[in-house]
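Subject: A structure for you to explore

Hi there,

Here is the structure I promised to pass on to you. Please open it in your viewer and keep it beside this email while you read.

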Amino acid sequence: AMKKAGMYDVQPTVETWLTERNLIREMSQTVQQKTQQLLTVKTPDEKLQIVSEQNRLLADMINLLHKTTKT
């Protein structure tokens with residue numbers, strides 16, 4: 001009686017799975033671009049902003065991965 005179907009219990013469609021895989025790929029490429037930007041910026045404030053953007057992207061990737069693996 002306590003068991004409800006949640007978002008982790010729903011099987012994703014192939015289209016959903018492909019979309020999420022593409023999102024992960026795009027986010028990964030953006031993180032890599034941010035790494036290259038870190039090599040060229042000079043001020044600590046700019047570096048901090050780039051690292052913070054990378055962290056946000058990584059968190060989004062982790063959330064998407066956990067959603068799709070039904071953790």
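Below is a short tour of what was found in it.

Please keep in mind that this is a predicted model.

**The overall picture**

Let's start with the whole chain. The protein chain has 2 helices and 0 strands. Helix H1 covers residues 14–40, and helix H2 covers 44–68. Of the 71 residues in the protein chain, 17% are buried. The accessible surface comes to about 5,800 Å², and carbon and sulfur atoms hold 59% of it. If you take the contacts with a separation of 6 or more, 68% of them are between residues 24 or more positions apart.

**The core**

Which residues make up the largest nonpolar core? It has 6 of them: Ile24, Met27, Val31, Leu57, Met61 and Leu64. H1 and H2 are the elements that give two or more residues to this core.

Leaving out residues up to four places away in sequence, Val31 touches Gln54, Leu57, Leu58 and Met61.

**A buried glutamine**

Gln54 is found in helix H2. Is Gln54 buried or exposed? Its relative accessible area is 10%, so Gln54 counts as buried. The side chain of Gln54 makes a polar contact with the side chain of Thr35, at 2.8 Å. With residues up to four places away in sequence again left out, Gln54 touches Val31, Lys34, Thr35 and Leu38.

**Two salt bridges**

Now for the charged residues. Side chains of opposite charge can pair when their charged atoms come close. How many salt bridges are there in this model? The count comes to 2.

In one of them, Lys34 pairs with Glu53, and their closest N and O atoms are 2.6 Å apart. Lys34 lies in helix H1 and Glu53 in helix H2, so this pair ties together parts that are 19 residues apart in sequence. Lys34 counts as buried because its relative accessibility is 16%. Glu53, at 23% relative accessibility, counts as partly exposed.

The other salt bridge joins Asp60 and Arg56, with 3.1 Å between the closest N and O atoms. Both of these residues lie in helix H2, 4 residues apart, which is about one turn of the helix. Asp60 is partly exposed, with a relative accessible area of 32%. Arg56 is partly exposed too, with a relative accessible area of 48%.

**Out on the surface**

Finally, have a look at the outside. Val14, Trp17 and Leu18 make a nonpolar surface patch of about 320 Å². Val14 lies in helix H1, and its relative accessibility of 62% is why Val14 counts as exposed.

Leu48 is another exposed residue, at 58% relative accessibility, and it lies in helix H2. The C-alpha atoms of Leu48 and Leu38 are separated by 9.2 Å, and these two residues are 10 residues apart along the chain.

Happy exploring, and write back with any questions!

Best wishes

How values were computed: Residues are numbered from 1 along each chain as its sequence is written. This is a predicted model: local features need pLDDT of at least 70, side-chain atom pairs count only at pLDDT 80 or more; totals for chains, interfaces and linings use all residues. Side-chain values use heavy atoms; hydrogens and water are left out. Patches are made of residues with over 30% relative accessible area and no salt bridge: like charges are joined within 9 Å, nonpolar side chains (Val, Leu, Ile, Met, Phe, Trp, Tyr) within 5 Å. Accessible areas come from the Shrake-Rupley method with a 1.4 Å probe; for residues, only the protein chains shown count as cover. A salt bridge is a side-chain nitrogen of Lys or Arg within 4 Å of a carboxyl oxygen of Asp or Glu. Buried means under 20% relative accessible area, exposed over 50%, partly exposed in between (1.4 Å probe, protein chains only). A nonpolar core is a set of buried Ala, Val, Leu, Ile, Met, Phe, Trp, Tyr and Cys residues joined through side-chain atoms within 4.5 Å. Contact means heavy atoms within 4.5 Å. A polar contact is a pair of N or O atoms within 3.5 Å; within protein, one must be able to donate a hydrogen and the other to accept it, and residues adjacent in sequence count only if both atoms are side-chain atoms.
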